Amino acid sequence: MKNKIFHILKKELREMFRDKKSLSMMLIIPIMIPLLVIGMSALFELQVNKPQNQYNTIGFDYEFSEIEKEIAKELGLEVITDQTEKLEKKYQEGQLDLYVTKKGQAYTIHGKDNEVTTYASRLVEDYFDVYKEYLQTEYLTNQEISATEILNIIQIEKDIIETESYFVNYITNYAFLFIIMAITISATYPATDATAGEKERGTLETLLTFPICSKDIIVGKFLSVSISSIITGVISLILMLISLVVAGNMYEIYEGVEMMLPASSLIFAIVVIVAYSFLISGLCIAIASKSKTFKEAQSALTPITFISFFPGMIAFMIKIETSAVLALIPFLNFSLLFTEITNGKVDYLNIGLMILSTIIVIAVVLGIIIKQYKSEKVLFSE
């Protein structure tokens with residue numbers, strides 16, 4: 001039996017590596033991973049290190065004193081003073097990033113809710129904090145009260161344990177989700193070609209004339225699709241690691257942060273890639289086997305791509321924590337456990353439950369496929 005499975009596997013792999021579409025799915029899709037890592041890193045860099053001259057033009061409806069001018073200059077504010085109506089018009093025309101009005105000792109910051117306003121508002125608030133501290137110091141000094149003792153009545157010290165960069169964790173987890181999606185896309189084409197494609201070409205009937213049972217045929221096809229998926233996953237992982245190192249050398253936001261994943265995360269990532277490749281390959285073959293044509297199988301497999309990606313993405317966005325129950329749920333468990341391990345948490349029970357649930361699902365799926373291949377309605381397109 002092992003010899004027959006090997007021959008089927010050899011046949012499927014030979015056809016797969018001769019097919020340009022299969023190779024493109026296997027090799028080209030992982031290129032998206034470096035584009036994702038570099039692109040998101042560039043976006044974070046732009047947000048964090050936004051040039052100050054892009055949000056420092058602030059309007060005021062009153063004249064500045066000399067000390068206010070000095071504070072504004074030190075903080076890099078470009079001050080425009082004018083009447084309120086004219087400031088509002090300039091703001092609407094995009095000449096100002098914000099404008100401030102004053103009534104008595106009450107100051108109001110005016111603007112619309114957008115990215116520029118957020119940065120400009122922080123800058124203006126910093127200005128008022130410095131100016132308020134100056135006024136408080138001046139008042140206390142005039143009252144012959146020690147400003148130092150009053151303003152520094154409490155002392156605040158920081159003892160913050162340095163952890164990995166938020167940006168590194170964010171990008172690493174999203175890159176892993178894209179690896180999962182790349183594996184899924186890589187599995188759909190060879191699974192479709194090995195089942196519905198063979199039925200449409202009429203080669204499946206020829207294969208069945210040989211003294212090979214349906215179980216050997218299914219296992220051989222299943223292993224060939226799984227190998228294709230594993231290759232895609234490993235290539236994607238390697239490209240992710242390379243792009244993380246490249247991004248670490250390119251962008252200031254990663255300064256002083258270790259970009260390479262720890263050995264435990266890499267080992268688990270490989271375990272997940274292998275386990276997920278077997279799982280998705282079995283599901284793709286099961287779905288494609290019920291289709292009569294290649295096009296029909298592709299349409300039936302389209303939702304699998306979204307199902308593989310979105311549960312993990314949503315879980316990451318709303319920060320769902322892994323539990324024993326969630327570790328049993330296919331698709332979701334891979335992403336949750338990877339996020340947990342990249343954060344330095346290793347729960348062997350949850351990892352074991354994930355592997356157990358994956359084995360059970362694969363066994364059930366293979367059983368269904370073997371049963372399908374014993375049905376003439378499933379085997380033949382006519």
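1. Start with helices H12 (residues 294-317) and H13 (residues 332-342): they pack at an angle of about 40°, their axes 8 Å apart. That angle makes H12 oblique to H13, since under 35 degrees counts as roughly parallel, over 145 as roughly antiparallel, 65 to 115 as roughly perpendicular and the rest as oblique. Axes here are lines fitted to C-alpha atoms, for helices over the stretch in contact, with angles running from 0 to 180 degrees between N-to-C directions. Helices (H or I, at least four residues) and strands (E, at least two) are DSSP runs, numbered from the N terminus.

2. Who touches whom in that pair? On the H12 side you'll find Pro311, Gly312, Ala315 and Phe316, and on the H13 side Leu332, Ser335, Leu336 and Thr339, where contact means heavy atoms within 4.5 Å. By class, this contact of H12 with H13 has five nonpolar, three polar and no charged residues. The classes go like this: Ala, Val, Leu, Ile, Met, Phe, Trp, Tyr, Cys and Pro are nonpolar, Asp, Glu, Lys and Arg are charged, and the others, Gly among them, are polar.

3. A word on what you're looking at: this is a predicted model, where local features need pLDDT of at least 70 and side-chain atom pairs count only at pLDDT 80 or more, while totals for chains, interfaces and linings use all residues. Residues are numbered from 1 along each chain as its sequence is written, and side-chain values use heavy atoms, with hydrogens and water left out.

4. H12 also packs with helix H11 (residues 263-289), at an angle of about 150° and with the axes 9 Å apart. H11 and H12 are therefore roughly antiparallel to each other. From H11, Tyr276, Ile280, Cys284, Ile287 and Ala288 meet Ala297, Ala300, Leu301, Ile304 and Ser308 of H12. That contact of H11 with H12 divides into nine nonpolar, one polar and no charged residues.

5. Now the sheet: it is open, with four strands in the order S2-S1-S3-S4 and mixed pairing. Its edge strands, S2 (78-81) and S4, each pair on one side only. Two strands pair if DSSP finds at least two bridges between them. From one strand to the next, the twist averages 25°.

6. Strand S1 (residues 57-60) pairs with S2 in the parallel sense over four bridges, and glycine 59 stands opposite isoleucine 80 in S2. Helix H5 (residues 84-92) packs on the sheet and touches S1, S2 and S3, its direction making about 165° with that of S3.

7. S3 (residues 98-103) and S4 (residues 106-110) pair in the antiparallel sense over five bridges. Valine 100 stands opposite isoleucine 109 in S4. In the hairpin of S3 and S4, with two residues between the strands, look at glycine 104: it takes a positive phi near 65°.

8. Helix H4 (residues 66-75) holds both glutamate 66 and lysine 69, three residues apart, about one turn of the helix. These two form a salt bridge, with the closest N and O atoms 3.8 Å apart; the rule asks for a side-chain nitrogen of Lys or Arg within 4 Å of a carboxyl oxygen of Asp or Glu. By this rule the count comes to two salt bridges.

9. Finally, the axes of H4 and H6 (residues 115-142) come within 10 Å and cross at roughly 140°. H4 and H6 are therefore oblique to each other.
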